[in-house]
Amino acid sequence: MGNIDIERSLLPTPAPPPLPGSQARSCYWNSRTSTDRSASGVVTSISASSSDLWDRLFDEGYKADVQINTDGGGIIYAHASVLGLASAVLKNMLKRSKKHGRWRSISIRGVQPKAVRVFVRFLYSS
């Protein structure tokens, strides 16, 4: 078992997602493409235009169909397809939620609204 722990500690740590706001974004995406090595050792490359498109999709909530309710009355708009593909837990929550018009509504309570926003933003970048 000790060898497994040592091997895991040698794996590269993935880069954290960018924080909301242009200041953090400008230092995170500092070139035409972002290249990262995943935990499996596969190198991935994302064009700046693709990254910008995903940023806009999250930030603007274009065609969003999910409202995530947070503590303090906060609402984060998202897309069920993105959430469901990125997280089996959120997919299950969405399946159990009732649909009101085009909207599904889920709640993530007990966590600061900003932390929920960063988490959901991470799902869009992963």
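Modeller: Ground rule first: buried means under 20% relative accessible area, exposed over 50%, and partly exposed in between, using a 1.4 Å probe and protein chains only. This is a predicted model, where local features need pLDDT of at least 70, side-chain atom pairs count only at pLDDT 80 or more, and totals for chains, interfaces and linings use all residues. Residues are numbered from 1 along each chain as its sequence is written, and side-chain values use heavy atoms, with hydrogens and water left out.

Colleague: Okay, why is R117 called partly exposed?

Modeller: Its relative accessible area is 29%.

Colleague: Where is R117 found?

Modeller: In helix α6, which covers residues 113–125. Helices (H or I, at least four residues) and strands (E, at least two) are DSSP runs, numbered from the N terminus. The chain comes to 6 helices and 6 strands by that rule.

Colleague: What makes Y77 and W103 a tilted pair?

Modeller: Rings of Phe, Tyr and Trp (its six-membered ring) pair if their centres lie within 6.5 Å; planes under 30 degrees apart are stacked, over 60 edge-to-face, and the rest tilted. Here the centres are 5.4 Å apart and the planes are at 55°, so this is a pair, and a tilted one. A search of the whole structure finds 3 aromatic pairs, and ring pairs also link W54, F58 and Y124 into a cluster.

Colleague: Which parts of the chain does the Y77 and W103 pair tie together?

Modeller: Y77 lies in strand β4 (residues 75–78) and W103 in strand β6 (residues 103–108), so the pair ties together parts that are 26 residues apart in sequence.

Colleague: What makes β4 an edge strand?

Modeller: Two strands pair if DSSP finds at least two bridges between them. The open sheet has 4 strands in the order β4-β3-β6-β5, with mixed pairing. β4 pairs on one side only, and β5 (99–100) does too, so those are the edge strands.

Colleague: How do you know that β3 and β4 pair?

Modeller: There are 4 bridges between β3 and β4, and the definition asks for at least two, so they count as paired.

Colleague: What about β5 and β6, how many bridges join them?

Modeller: 2 bridges, which meets the limit, so that pair counts as well. H100 stands opposite W103 in β6.

Colleague: Which residues have the most contacts inside the largest nonpolar core?

Modeller: V66, I68, L83 and V120, in a core of 16 residues. A nonpolar core is a set of buried Ala, Val, Leu, Ile, Met, Phe, Trp, Tyr and Cys residues joined through side-chain atoms within 4.5 Å, so each of those four counts as buried. The largest share, 4 residues, comes from α6.

Colleague: What is V120 in contact with?

Modeller: Contact means heavy atoms within 4.5 Å. Leaving aside neighbours within four places in sequence, V120 meets that cut-off with F58, I68, A78 and L83.

Colleague: Why is K63 called exposed?

Modeller: It is at 58% relative accessibility, over the limit for exposed, so it gets that label. K63 is found in the loop between α3 (48–60) and β3. It also has a positive phi of about 60° although it is not a glycine. Most residues other than glycine have a negative phi.

Colleague: Last one: where does pLDDT stay under 50?

Modeller: pLDDT is the predictor's confidence in each residue, from 0 to 100. It stays under 50 over residues 1–6, where the model has 0 contacts beyond four places in sequence. Residues 22–38 are also below 50, but that stretch has 32 contacts beyond near neighbours in sequence. The chain averages 77, and 67% of the residues score at least 70.

Conventions
Axes are lines fitted to C-alpha atoms, for helices over the stretch in contact, and angles run from 0 to 180 degrees between N-to-C directions.
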